[in-house]
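Hi,

Here is the structure I promised to pass on.

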Amino acid sequence: MAVAATAADSNDLIVTLGEPLQQAPQQLAAGLCQGGDPDYNRTESCYIATVPVEVKEKKTGQITGRALLDETSEAKLNQRDRTSWEHKVTLRLHDATGTALAMSGSVTLKCNACRASAGGIKALPSGSTQTFTMKVSSPGTEINTDQMVPVVSVIPNLPGAEAGTGAVGTPIAVRCDNTPYVSPQSKGGCVYPRYTPTYELSTLDGKIDQVAWHIYWAQNNLRQAWGAKGRGPALTRTADKDLIDKNRETACPSSMPRPDGKSCDEYPFASTHQGASKNPDYSCHMVPEKQNTAEGRDYRNPWYKANRILEDDAFWVSITLPPAGVRAMPPAMTLARCPG
């Protein structure tokens, strides 16, 4: 974090913010903020760093004060409302000497299309901590991906001083949209699109355990471990109804007999570009009809909405298995693979 200065023919002071120093990892309540590069999930981000601060005389370049500035930048997007979320930056000045002993700080949010309130100006005497909260919105209704980064300024509480200004971390992309199939269209919502979320199901969940077992079987028996993070390709969503119907009819044709109380479950999901009409490496199983319906209606569809999974968005699929000592797969699943 470096700052450009304008020289003046006087001994007025100017602040320079250096490059962030390495510091020990920290753990926040959200599980983010490990230090260094921005850490984020689908809706939360965090960045922490310690920045050297120097105060110099403009004319002579003589250093008149030094300090360290701890910075924590945290944002929590609103995936159900693109018009309202918060970005907080906490500054702590410490180990100050000379003209850096008493300073003030301010924070703004730099972005292209967003609207953000100013964080205000607050006193930063050595050893103090101040939090700056900015209210942010993404106007409009179209899909918009913006690069956002907080900018901090610090200045000595002395006449003739000039502030040092720099970005807190690196810009991170925020995508906001009003896509009807994942949102209340009137307000839309926002996510961090570079984060690939994981759809989680459990074989211990009696409402969908047979579906979970089928996905586990498919990820371990098909040529590709579709959706298994670290072992196979990610899945990418499609909202194209015609493609979804083709995928479903290819994997589970209507002519295929269904046992009483069972329905045909396909994997990769019909709602992905890796579905059966595009991908011959697929599986289908006959599972309890109620479970098949529940997995799509009560689990996957709300998850798509909560994570704003749009057309072509990638995601992983993770299956929780029983504890050690419990048999690996219920006998009903071992021979239930559909023909073809």
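Predicted model: local features only at pLDDT ≥ 70, side-chain atom pairs only at ≥ 80, totals over all residues.

Let's begin with strand S12, which covers residues 172-177. Six of its six residues are buried, so the strand is largely enclosed by the rest of the structure. In a regular strand, side chains alternate between the two faces of the sheet. Here both faces of S12 are covered. On one side you'll find Ile172, Val174 and Cys176, on the other Ala173, Arg175 and Asp177, and all of them are buried.

Which strands pair with S12? One is S10 (residues 144-156), which runs antiparallel to S12 and is joined to it by five bridges. If you want a spot to look at there, Asp146 stands opposite Val174 of S12. Another is S13 (residues 189-191), also antiparallel to S12, with three bridges between them. In that pairing, Cys176 stands opposite Cys190 of S13.

Now for the helices. H1 (residues 209-221) and H3 (residues 289-306) have axes that come within 8 Å and cross at roughly 75°. Since angles of 65 to 115 degrees count as roughly perpendicular, that is how H1 lies relative to H3. Where do the two helices meet? From H1 the residues are Asp209, Gln210 and Val211, and they meet Gln291, Asn292 and Glu295 in H3. By type, the residues of this contact divide into one nonpolar, three polar and two charged.

Happy browsing!

Technical notes: Residues numbered from 1 in each chain as written. Heavy atoms only, no water. Buried < 20%, exposed > 50% of the residue type's maximum accessible area, 1.4 Å probe, protein only. Helix = DSSP H or I, 4+ residues; strand = E, 2+ residues; numbered from the N terminus. Pairing = 2+ DSSP bridges. Axes fitted to C-alpha atoms, helices over the stretch in contact; angles between N-to-C directions. Parallel < 35°, antiparallel > 145°, perpendicular 65-115°, else oblique. Contact = heavy atoms within 4.5 Å. Nonpolar A, V, L, I, M, F, W, Y, C, P; charged D, E, K, R; others polar.
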